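I'm opening my notebook to look up a few things in this structure. Short notes, one topic at a time.

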Amino acid sequence: MLLVGIFLTLALNGCSTTATPIVSEWRNPVQTSGSFQRLMIGGPSGDVSVRRNFEDEFVTQLAAVGVNASPSYRYMPENDETNENNLKQAAQKARADGLLFMRSVKVEEKTNYPTVGPEISFGIFGSNAGAGWSGIPGSSGPYRYNEYTSETALYDLAKNELVWTGTLKTKEPTNVRAAIKSYVQTITKALAAQNLFPKK
């Protein structure tokens with residue numbers, strides 16, 4: 001359910017003109033550029049329609065940049081958990097050379113305390129606590145919201161090595177389809193910028 005919540009919260013950014021931002025990313029420095037010709041896509045476990053839409057959107061957007069991708073739901077039961085091991089087995093069936101999938105990291109409950117100027121927000125998740133500055137000037141009182149952190153990982157199946165990861169943080173919900181489109185667009189652009197796709 002956490003990953004479904006992440007997609008719901010992506011919707012605010014998905015409906016805006018600004019793409020969902022990646023807050024951090026890592027690339028394996030020894031990975032060859034243009035490595036992947038065919039990817040297996042793994043969406044979130046739980047809601048079947050969310051998983052299908054996630055995987056299908058990736059297939060569509062990756063095709064536009066010259067990458068052949070397959071949705072995992074065609075190669076494994078929809079009620080199976082989309083963990084790394086299950087997805088790797090599905091990728092072998094599809095003869096994919098790469099695996100791209102999303103996983104949850106954490107959810108934090110945050111409270112914003114409005115002030116005249118910038119406002120401070122506190123986040124708590126388990127034993128972790130943090131604070132950061134943000135601002136909605138003129139707010140009448142404090143309000144709570146959830147902040148979801150998710151990570152998308154790309155694996156080289158032949159080498160069994162992690163190639164790339166990107167972390168996203170998102171807030172409250174509106175439209176799931178717009179959320180998925182924004183998420184996929186952000187990840188696809190990031191991977192292309194890292195030269196991990198073949199040149200068209």
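**Entry 1: a glutamate and its partner**

Which side chain does the side chain of Glu 151 make a polar contact with? I looked it up in the model, which is a predicted one. The partner is the side chain of Arg 103, at 2.7 Å.

I then checked where Glu 151 sits. I found Glu 151 in strand S7, which covers residues 143-156. Arg 103 has 26% relative accessibility, so I noted Arg 103 as partly exposed.

The pair also turned up in my salt bridge search: the side chains of Arg 103 and Glu 151 meet in a salt bridge, 2.7 Å from N to O. This one links distant parts of the chain, with Arg 103 in strand S4 and Glu 151 in strand S7, 48 residues apart.

I also listed who else touches Glu 151, leaving aside neighbours within four places in sequence. Among the contacts are Phe 101, Met 102, Val 105, Thr 165 and Tyr 183.

**Entry 2: the other salt bridges**

How many salt bridges does a search of the whole structure find? It finds 3. A reminder to myself: side chains of opposite charge can pair when their charged atoms come close.

Next I looked at Arg 51 and Glu 55, whose side chains meet in a salt bridge at 3.2 Å, N to O. Why are they separated by about one helical turn? Because Arg 51 and Glu 55 are 4 residues apart in helix H3. I marked both Arg 51 and Glu 55 as buried.

Then came Lys 88, which forms a salt bridge with Glu 84; their closest N and O atoms are 2.9 Å apart. Lys 88 and Glu 84 sit 4 residues apart in helix H4 (residues 84-94), so about one helical turn separates them. Lys 88 counts as buried at 17% relative accessibility, whereas Glu 84, at 24%, counts as partly exposed.

**Entry 3: the nonpolar cores**

Which residues have the most contacts inside the largest nonpolar core? I wrote down Leu 39, Ile 41, Phe 58, Leu 62, Leu 154, Trp 164 and Leu 191, in a core of 22 residues. The elements giving two or more residues to this core are strand S2 (38-42), helix H3 (48-64), strand S4 (98-113), strand S8 (161-170) and helix H5 (176-193). H5 supplies the largest share of this core, with 6 residues.

There's also a second, separate core of 11 residues, and it includes Ala 91, Leu 99, Ala 153 and Tyr 155.

I went back to Leu 191 to see what it touches. Not counting residues up to four places away in sequence, Leu 191 touches Leu 100, Leu 154, Trp 164, Leu 196 and Phe 197.

**Entry 4: a loop residue**

Where does Gln 37 lie? Gln 37 is in the loop between strand S1 (22-27) and S2. Its relative accessible area is 45%, so Gln 37 is partly exposed.

What is Gln 37 in contact with, leaving aside its neighbours within four places in sequence? I got Val 67, Asn 68, Asp 97 and Pro 198.

How values were computed
Residues numbered from 1 in each chain as written. Predicted model: local features only at pLDDT ≥ 70, side-chain atom pairs only at ≥ 80, totals over all residues. Heavy atoms only, no water. Polar contact = N/O pair within 3.5 Å; in protein donor to acceptor, adjacent residues only side chain to side chain. Contact = heavy atoms within 4.5 Å. Core = buried A, V, L, I, M, F, W, Y, C linked by side-chain atoms within 4.5 Å. Buried < 20%, exposed > 50% of the residue type's maximum accessible area, 1.4 Å probe, protein only. Salt bridge = Lys/Arg side-chain N within 4 Å of Asp/Glu carboxyl O.
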